[in-house]
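These are my notebook entries on one protein structure. I set down what I looked up, topic by topic.

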Amino acid sequence: MKVALLHFSFEDYTIELANSLVKYVDLTLIHPQKVSDVCIDVIDPSIRVISFKKPRIRNLGNLFSMGAMMHIIKDIQPDVLHVQETNDPWYDWTLLLNKMPPLVTTMHDIFRHPGDSMSVFGSEYTKRIAFYRSQQLIVHTHQLKKILIEQFSLPKERINIIPHGELGSLYQRRSNYKSQPRDPNTLLFFGRIWPYKGLKYLLEAMPLIAERVPEVKLIIAGQGESIKQYFPDGYNEKRYEIINDFIPLEEVSNLFQRSAVTVLPYIEASQSGVAALSYGMGTPVIASEVGGLSEIVQHKKDGLLVPPCDIRSLADAIICLLSDRDLQQSMQTAALARCQEDLNWSNIAAQTVEVYEKTIKKRH
């Protein structure tokens with residue numbers, strides 16, 4: 001089976017999927033040149049990789065870029081074209097106006113997250129073209145499948161649930177650091193800092209946690225909102241380690257390996273690459289019971305779930321885990337075990353190939 005895998009973003013997911021898919025299919029990876037550097041050192045050398053120039057969204061040169069992309073796809077003549085959700089209106093209109101090979105699209109998010117100012121204007125609407133033009137869709141949670149059926153009237157037979165694979169092993173391959181000792185009192189808040197991530201609830205819980213666990217420390221690492229709004233009077237450097245910037249890829253694994261738990265106090269979520277990364281590092285997750293997070297975190301097994309926006313419950317869950325070394329160890333073991341089960345990329349690739357086979361069969 002000849003498969004073309006196209007992505008404009010979601011690089012980590014695509015890299016790990018491609019590395020496992022190549023064992024099953026004749027695979028060509030297509031992407032803009034700007035993402036090539038992220039992939040080059042961690043992609044399986046047996047994968048055929050083709051890049052094309054892609055200017056910024058507002059540049060009319062995208063007309064030529066999409067023409068080049070379509071030329072590549074037509075040259076390959078794949079049995080299946082698998083596209084990772086793009087959030088790029090130029091691609092969406094290209095999809096609408098061109099005859100495409102049998103198409104599979106992975107939708108990581110359906111709606112824009114609250115407060116996310118980085119989304120491209122209009123993309124939330126144009127990307128819906130992919131809902132209807134794709135023979136098969138892949139989502140990561142039952143919640144997303146339910147939304148597509150109920151709000152977009154898509155037939156359930158076209159929507160496939162495949163979990164988001166673990167990302168820890170990818171970042172360990174990228175790392176320049178030796179394995180770090182885990183600090184049993186350190187919390188990690190990692191990723192884009194936007195309102196929907198609920199950082200303010202974690203910060204409000206910190207004094208409650210410190211009353212019971214005086215040694216508690218919180219690492220806040222990521223871009224987005226300015227962190228100064230959360231600390232107008234400054235902060236205690238013994239209590240907080242703040243990296244309000246892009247985290248170099250080679251330094252990411254160090255943050256997770258140092259931490260006892262990753263905290264996701266989100267007020268809204270579809271799925272979570274941060275949870276997938278955390279589990280791959282053997283780091284348990286404490287998360288709000290919202291959206292797809294309630295499907296990703298196995299409560300009291302590899303993490304804990306708490307009601308969203310509930311500061312007391314969040315503090316109690318963190319205190320529970322930090323105060324019990326045996327519980328930390330058992331959850332770390334369970335998190336790593338998940339990486340050999342539903343979060344394992346070989347298993348995910350096999351399920352993805354089944355979707356391809358279904359797509360080809362439906363086409364004929």
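**Entry 1**

I looked up D12 and found it buried, because its relative accessible area is 17%. I use buried for under 20% relative accessible area, exposed for over 50%, and partly exposed for what lies in between, with a 1.4 Å probe and protein chains only. I note here that this is a predicted model, in which local features need pLDDT of at least 70 and side-chain atom pairs count only at pLDDT 80 or more, while totals for chains, interfaces and linings use all residues. Residues are numbered from 1 along each chain as its sequence is written, and side-chain values use heavy atoms, with hydrogens and water left out.

Which residue does D12 meet in a salt bridge? Its side chain meets that of R174, at 3.0 Å from N to O. I count a salt bridge when a side-chain nitrogen of Lys or Arg is within 4 Å of a carboxyl oxygen of Asp or Glu. The pair links distant parts of the chain, since D12 is in helix 1 and R174 is in helix 8 (residues 168-174), 162 residues apart. Helices (H or I, at least four residues) and strands (E, at least two) are DSSP runs, numbered from the N terminus. R174 is also buried, at a relative accessible area of 11%.

I then found a salt bridge between R173 and E16, at 2.8 Å from N to O. R173 lies in helix 8 and E16 in helix 1, so this pair ties together parts that are 157 residues apart in sequence. E16 is buried, with a relative accessible area of 5%, whereas R173 is partly exposed, with 44%.

**Entry 2: further salt bridges**

How many salt bridges does a search of the whole structure find? The search finds 9. The general idea is that side chains of opposite charge can pair when their charged atoms come close. I looked up R338 and D342, which form a salt bridge with their closest N and O atoms 2.9 Å apart. R338 counts as buried because its relative accessibility is 3%; D342 is partly exposed, at 28%. I also recorded a network of salt bridges that links K217, E241 and R258.

**Entry 3: the second largest pocket**

I looked up the second largest pocket, which has a volume of about 200 Å³. Of the 15 residues that line it, the closest to its centre are H140, P163, E295, I296 and D342. On a 1 Å grid over the protein atoms alone, a pocket is an open set of points with protein on both sides within 12 Å along at least five of seven lines; a cavity is a set where a 1.4 Å probe fits but cannot get out, and lining residues have an atom within 4 Å of a point. Grid points are joined across faces, edges and corners, and a volume is the space filled by probe spheres set on the points.

Helix 11 (273-280) and helix 12 (293-296) each supply at least two residues of this pocket's lining. The largest share, 3 residues, comes from helix 11. By class, I recorded 7 nonpolar, 5 polar and 3 charged residues in the lining. Ala, Val, Leu, Ile, Met, Phe, Trp, Tyr, Cys and Pro count as nonpolar, Asp, Glu, Lys and Arg as charged, and the others, Gly among them, as polar.

**Entry 4: cavities**

The search of the whole structure finds 2 cavities of 30 Å³ or more. The largest cavity holds about 40 Å³ of space. Its lining is formed by E85, T86, Y91, D92, T105, M107, K127 and A130, which divide into 3 nonpolar, 2 polar and 3 charged residues.

What is the volume of the second largest cavity? It is about 40 Å³. Y201, P265, S288, V306, P307, P308, C309, D310 and L314 line the second largest cavity. This lining has 7 nonpolar residues, 1 polar and 1 charged.

**Entry 5: backbone angles**

Most residues other than glycine have a negative phi. I looked up F10, which is not a glycine and yet has a positive phi of about 50 degrees. F10 is in the loop between strand 1 (2-6) and helix 1, and F10 counts as partly exposed at 24% relative accessibility. K300, also not a glycine, has a positive phi of about 70 degrees. K300 lies in the loop between helix 12 and strand 13 (303-306). Is K300 buried or exposed? K300 counts as exposed, because its relative accessibility is 65%.
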